[in-house]
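This report describes the pockets of one protein model and the surroundings of its ligand. Please keep the sequence and the structure in view while reading.

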Amino acid sequence: MKDCVFCKIIKGEIPCHKVYEDDYVLSFLDITPRTEGHTLVIPKKHYENFFELPDKEIKNYFKGVKRTAELLKTKLNAKGMNILNNNGEIAGQFVFHLHFHLLPKYEKGKELWPKQEYKGSLEDTMKKLKS
Ligand code: AMP
C-alpha cells in the first residue's frame, strides 16, 4: 500500500527500532510507548485490520506475536503483558495496517492502556533487548 506508514517501515523507507523479524512479521517499538518495550507486531503483507487477515496467515502471524512477546518478557524482565488490537476508527485504530500492541507490565495497579507516555529512551530499551 503506497501511503501506508507501516508498509513504508517494512520497505525500509521509514526507520524503526526493530525488535523481531521473520519471513511473515516485523515487530518494532511504538514511537509513543505506554510502557517500556511497547511493541507493535505487523504482518509483512498489508491487511487493514484483524478481520482482513486470511485464515491461512493466522498461524504465521501469531507465531510472530508469540516470539516477540517471549523476547520482550525475557529481556525486559516483564512480570506480565497486555496484548491488544484495535479494529476500526471507532475502536481507536489510527494506522490501518493490522498490528497488535504488546505492552510489557512491571508493577501492579497500572492501567491497561496508561494515559501517560513512557518517558525513557527507545535506545535504552533497544540496548536491553540486544543484551
Ligand atoms: P492504533 O491506535 O492501534 O492504530 O495504534 C497505532 C500506533 O502506531 C500508535 O501507538 C502510534 O504511536 C504507533 N505509530 C505510528 N507511527 C509509528 C511509527 N512510524 N513507528 C512506530 N510506531 C508508530
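The lining of the second largest pocket consists of four nonpolar, two polar and seven charged residues. In this division Ala, Val, Leu, Ile, Met, Phe, Trp, Tyr, Cys and Pro count as nonpolar, Asp, Glu, Lys and Arg as charged, and the others, Gly among them, as polar. The model is predicted: local features need pLDDT of at least 70 and side-chain atom pairs pLDDT 80 or more, whereas totals for chains, interfaces and linings use all residues. Residues are numbered from 1 along each chain as its sequence is written, and side-chain values use heavy atoms, with hydrogens and water left out.

The second largest pocket holds about 210 Å³ of space. Among the 13 residues that line the second largest pocket, Arg34, Thr35, Glu107, Lys110 and Pro114 are the closest to its centre. A pocket is an open set of points on a 1 Å grid over the protein atoms alone, where a 1.4 Å probe fits and protein lies on both sides within 12 Å along at least five of seven lines; lining residues have an atom within 4 Å of a point. Its volume is the space filled by probe spheres set on the points.

The largest pocket contains about 390 Å³ of space. It is lined by 23 residues, of which Phe6, Asp30, Ile31, Leu40 and Val95 are the closest to its centre. Two elements, α1 (5–10) and β2 (25–29), each give two or more residues to this lining, and α1 supplies the largest share, three residues. Helices (H or I, at least four residues) and strands (E, at least two) are DSSP runs numbered from the N terminus. By class, the lining of the largest pocket has 13 nonpolar, eight polar and two charged residues.

The ligand sits in the largest pocket, in the sense that more than half of its atoms lie within 2 Å of the pocket's grid points. Of the 15 residues around the ligand, Asp30, Thr32, Gly92, Phe94 and His99 come nearest; a residue counts as near if one of its heavy atoms lies within 4 Å. This shell comprises eight nonpolar, six polar and one charged residues.

| Protein atom | Ligand atom | Distance |
|---|---|---|
| Thr32, polar side-chain atom | oxygen | 2.6 Å |
| Gly92, polar backbone atom | oxygen | 2.7 Å |
| His99, polar side-chain atom | oxygen | 2.7 Å |

The protein covers 85% of the 510 Å² of accessible area that the ligand has on its own, as given by the Shrake-Rupley method with a 1.4 Å probe.

Key:
A polar contact is a pair of N or O atoms within 3.5 Å; within protein, one must be able to donate a hydrogen and the other to accept it, and residues adjacent in sequence count only if both atoms are side-chain atoms.
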